[in-house]
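The entries below follow the order in which I went through them.

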Amino acid sequence: MDLLLKQFGSLSSAEVVWLEDLYSFTQKHLLPVARNAAPELPLALLNLVQELVNQNIASKEGGSVLPISYRFISISELIHVQNKPCCSHLMWSTKDFKEWAKKGENLVPDHKALSRANLILVGCLTGYCEDQLQQVYDGSLNIRDGSGTIFCEVLNPKLEWLDALMLFPGWIFIPQGPDYFGRKVGSYLEITERPLPIVTSLNASILPEPGIVSALDSNNAYWLLMHKNKWHGLKIAVFGTLSHLCPVLKIQDKTFFYFRLQESLAENSSTVPVVVTECRKLCWHYFLQVGEGYLITALRICFLKTTGQRLFCITPESHFWPLDSAPQISKISWKLVMHSSKERIPELKEEQETPIEELPESQSLLKENCKQTCQRKKISKVISYKGVITRVLNSAAGLFELDREVGLCLAYQQLVNGGRGLRPGAKIELHHVHFLYCRTEGFPSAMLSCCLHSTVKVAEFSSLESEFQPFTHDKNLYIHALVKGELGLPEYMWLCRTITSLSDRFCPKYVKPVQMASSWNGVAGRFLRASLIIKEANHIHSRDIYREMLGYPHHCPLQEYNTFTPSWHVPPIADLKTMIESQGWQSLSLTSLPPRAKLQHLTSSELNINLSWSIYTYSSQNLKIPVVLVGVLKSTYRSSCLQLVDQTGELDCVIVQKSLKGGDTTALKETSWSGCLLMIKEFTLVMERFLKTNFPSWKQLEDPKFVQEKKSRSVSCLVSFTCVITERISLENENKPLSASLLQDTKQGVPSEECLKIRLTVRDTELSYQTLHIYMDFSQICYIPGLVPGAHICFYRLERKISRFNTVYCSYGTLSSLTIMGYHFLGNNATDHYNTTSALVHLGDWASGLQNWRQGRVLCHVTCVLSLELKWMCSLCSAIFKQGHCTRDNPVCNSENGIFSSEAKIVVEDGTGEAQVLFSDDIISELLHLSASEWDGLQKLIRVRGHVKYINLGRSAEHWVTEECEDVLLHFLSALCSSSHVCRALILTCKMTPWCKSTEQRIKLANLKRFCRGDREYLTKIPSPLLLDCESLQEADGLALQELQKDHLASSYQRTSIANHS
């Protein structure tokens, strides 16, 4: 610090504080990452900062200036404190910054410029961190200091910057935020100006000087690869111009990329493929530039195991130099390499030629076999393009808008860094990109689409405060559909438009945005699974990623495309309603409504009566382009009809069921799908036309002035509904085991089904708040195979019955039928994998039986702990396990393995009712509010004595009475269970215990109890309490209550009323 102060004469207090901050920042954050750090590091940093500032801000007195308005910031502080996008430009004046910001706002007027922060950033630019050794590294660059690491994007970086301690004069910070699916995305930096080394000799990644390098040019290297003789591979150097730079791919936890070297950029020049698989060399992708010349050393010859294609592979000893700064090159021929020995060319080292076994197969990226359903083929043009991102059309689908007129699709290319830097306002360069025309509503007609042979490069970062919306392939619905359907670009664009339309129609009123397109199992994913035609094998082969990147001539899915006509439409309810009304009135002919034979003989009143009502029908099967109807089924309290609704409108509907044996239909009495999102492929649009007319006679039917009023109603006829089996129980197993006569048929040697009775528990395909039991007696009907948990079933003509406990169930009778729609196996224990977030339930409603909830969330307060049992049990015989041994002595158990078991029963209330809740095992530590170390310590104490049980002895007229004991441990548990740490507000996810009695049973078995209040005495019946099992626990803090309220409001729109309510 004294050395810094000696550089100046008199300093103000603010300048002294600034120098102290510089010194402490250097000691704390720079020295830990600077190898062989010299004592002059603080002084070197000060001189560099002063030099940069003085270039643009001249002191009026001619002396040096300390930038006291700037402060140093660490990586950790930048990530955790700065929550808004910002930029810093140490060398810029205010005028320079305003011009830069204005330029960006002119390019994209609907965004404002970044705010400027007076911050100084210093750190090491690294391409591979030691803490990433256990991760799948993707070659991203980082900036590191003593406090942490952050990803960064750099324009045209130099190799000598790697691992050097640098000052970054200009940068943009993009904070962490959610992506399209709500997942958190890490912060990163965009380096806008060339970083400067603080000490040139410190930490610089200087390559060793190899002297004269014997190397092949790309033409000779090509012929060496093409030679068919099998000889030991060589580590050799190759030089040439970089003609292609393929993107970094991460497939099956393997990361790699390819590039090609060429003698010149002429089309007929031979190219040499090189693959980079070494983790520490993946960052080369940032430093290699298309069109520049390079010397690559220590390459070995390998071949692809799947195709046998030969190529050069980077080794751990490989280095590269730009040709303008490379060592002296001694050009050799491929023939010399083949006939030379190690003594003549020392640089050539022999080793076995090996296949690249670590690379995944081509089918890992896209499944094979596809069939084009489009009509006329067209050939795309491969071009280069420079433009500005003006809009993000759909970040999850990888769709952008360039220059307000051209679309960009990145769905066919992986961006392992999520597309950092691709924000509105950024200038980008595209090489070897496919240009196609694709007319899709909501997207530009001119489209640029990148394949695995294309290069995407950010030429200039955006100066706008535009949000970064990452594009990743991981768990991406759009990419999954692209792969699953083997879609071309026109089909993919139409699919994106369809998913966007579904989101606009149902989010957020009926479906949460994160549930719509978050995964292949989301709402849109299920819709696509049911609608997307998976293409069959034909003359079009599967996508071969290696042929796409390395093949010559180039071949990829974007090379040929087709004019596309959608195979079906998914119109909004309002558009469908407008269409049927328009067609219905246009097709109206008044003369055709009355009987033609009597038309001329009808009186005015008879004529107007005949004109007052008519219908217009249009079947979905008669449409030129089939329509798939999607809507939420909703019952209206104003009328007795059902409606299909979305956020654009509603459509009245009549629901019928069609017999599987013939064309007969029956009215659907089952209402379990009310509130569910349905997809209907077969329906009939019916328009009821109501006219109020005053025609004096038939002669005036062509005169519209006599039509006083027009009204219409639209109706959709649906054909089927489905449910999911969540549980199957054999009723004979409930009370007694099946007899031998029922288990085995002696004649056929197979299990006997004739006397089998089962109970199926089914639920709606979307929500699982309520369930319905269906009973089947196979002594009255033929046995039906395939009724397993996870089966999607359509049931027809079930008998609705009411049990003696006043609950609704269904019986499968002789007139009933069913259709098995498909399977989603849940496992042997029939665990329901379709469960969504449990609904908020009031204990009063649950206990009264008003809602037959399977499970729910309860916002409640812990009144008391009734019992708490902690014990160690023998893992073999379940006896008490004490001091490392089993305590069973008759017969003696010699087991030395014990397991810890804990159970608790508490009383909770929420203002509407009371319940007893059972807890078990590790969730009890959360109930007792114990940390992990405290819970472990308690288990160790119990291990010594084997078993401890705390029992609350009940309560007197005013207070709870707890067990009195001199046992210190028991006294501690008693105090803990009655403390405010335990008796607090909680959010519990519970389900009814299997042995919990129904509401009617609990009321029927209620006990008489006497209460005294003052001089009065009361006698009342107290039913047994509601008994619940706790599955999870959450503290009822402010954030949790806010999220609970949001879920409750959202679920109120989607909640389905299954037919088991009274």
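What follows are my entries, from the whole chain down to single residues.

**Entry 1: overall.** I note at the start that I am working from a predicted model. I looked up the secondary structure and found 23 helices and 57 strands in the protein. Of the 1062 residues, 49% are buried, and the protein exposes about 52800 Å², of which carbon and sulfur atoms supply 51%. I also checked how far the contacts reach along the chain: among those between residues at least 6 apart in sequence, 72% join residues at least 24 apart.

**Entry 2: helix α3.** I took α3, residues 41-54, and found that its 14 residues reach 20 Å from the first C-alpha to the last, close to the 20 Å expected at 1.5 Å a residue. Is this helix enclosed by the rest of the structure or open? I wrote down that α3 is largely enclosed, because 11 of its 14 residues are buried. Among those buried are Leu 41, Pro 42, Leu 43 and Ala 44, and also Gln 50. The elements that cover the buried residues of α3 include the helices α1 (2-5) and α2 (13-30), together with the strands β1 (71-72), β4 (119-126), β7 (165-168) and β12 (196-197).

Entry 3: Which side chain does the side chain of Glu 190 meet in a polar contact? The partner is Arg 423, at 2.9 Å. Beyond the residues within four places in sequence, Glu 190 has contacts that include Glu 153, Trp 171, Ile 172 and Phe 461.

I then turned to Cys 87 in strand β2 (residues 86-89), which is buried with a relative accessible area of 0%. Cys 87 touches Trp 171 and Ile 172, and its contacts also include Phe 97, Trp 100 and Leu 114, residues up to four places away in sequence not being counted. I also recorded that the C-alpha atoms of Cys 87 and Thr 192 are separated by 9.3 Å, although the two residues are 105 apart along the chain.

Entry 4: Side chains of opposite charge can pair when their charged atoms come close. Glu 401 lies in strand β26 (residues 399-402) and Arg 391 in strand β25 (residues 381-394), so the pair ties together parts that are 10 residues apart in sequence. I noted that Glu 401 counts as buried at 6% relative accessibility, whereas Arg 391 counts as partly exposed at 39%.

I next looked up the bridge between Glu 1035 and Arg 984, whose side chains meet at 2.8 Å, N to O. This pair links distant parts of the chain, 51 residues apart, with Glu 1035 in strand β57 (residues 1026-1035) and Arg 984 in the loop between α21 (968-977) and β54 (985-992). Glu 1035 is partly exposed at 30% relative accessibility, while Arg 984 is buried at 10%.

**Entry 5: backbone details.** I searched for cis peptide bonds and noted the one from Cys 507 to Pro 508, with omega near 0 degrees; Pro 508 lies in the loop between α10 (489-506) and α11 (513-516). The bond from Asn 890 to Pro 891 is also cis, with omega near -5 degrees, and Pro 891 lies in the loop between β49 (885-886) and β50 (898-909).

I then looked at positive phi values in residues other than glycine, and wrote down Asp 403, near 55 degrees, in the loop between β26 and β27 (406-409). Lys 475 has a phi near 50 degrees, and this residue is exposed, with a relative accessible area of 62%.

**Entry 6: a surface patch.** Last, I recorded a nonpolar surface patch of about 280 Å², made by Trp 613, Ile 615 and Phe 690. Trp 613 belongs to strand β32 (residues 613-619) and is partly exposed, with a relative accessible area of 43%.

Definitions and conventions
Residues are numbered from 1 along each chain as its sequence is written. This is a predicted model: local features need pLDDT of at least 70, side-chain atom pairs count only at pLDDT 80 or more; totals for chains, interfaces and linings use all residues. Side-chain values use heavy atoms; hydrogens and water are left out. A polar contact is a pair of N or O atoms within 3.5 Å; within protein, one must be able to donate a hydrogen and the other to accept it, and residues adjacent in sequence count only if both atoms are side-chain atoms. Contact means heavy atoms within 4.5 Å. Helices (H or I, at least four residues) and strands (E, at least two) are DSSP runs, numbered from the N terminus. The expected span of a helix is 1.5 Å times one less than its number of residues. Buried means under 20% relative accessible area, exposed over 50%, partly exposed in between (1.4 Å probe, protein chains only). Patches are made of residues with over 30% relative accessible area and no salt bridge: like charges are joined within 9 Å, nonpolar side chains (Val, Leu, Ile, Met, Phe, Trp, Tyr) within 5 Å. Accessible areas come from the Shrake-Rupley method with a 1.4 Å probe; for residues, only the protein chains shown count as cover. A salt bridge is a side-chain nitrogen of Lys or Arg within 4 Å of a carboxyl oxygen of Asp or Glu.
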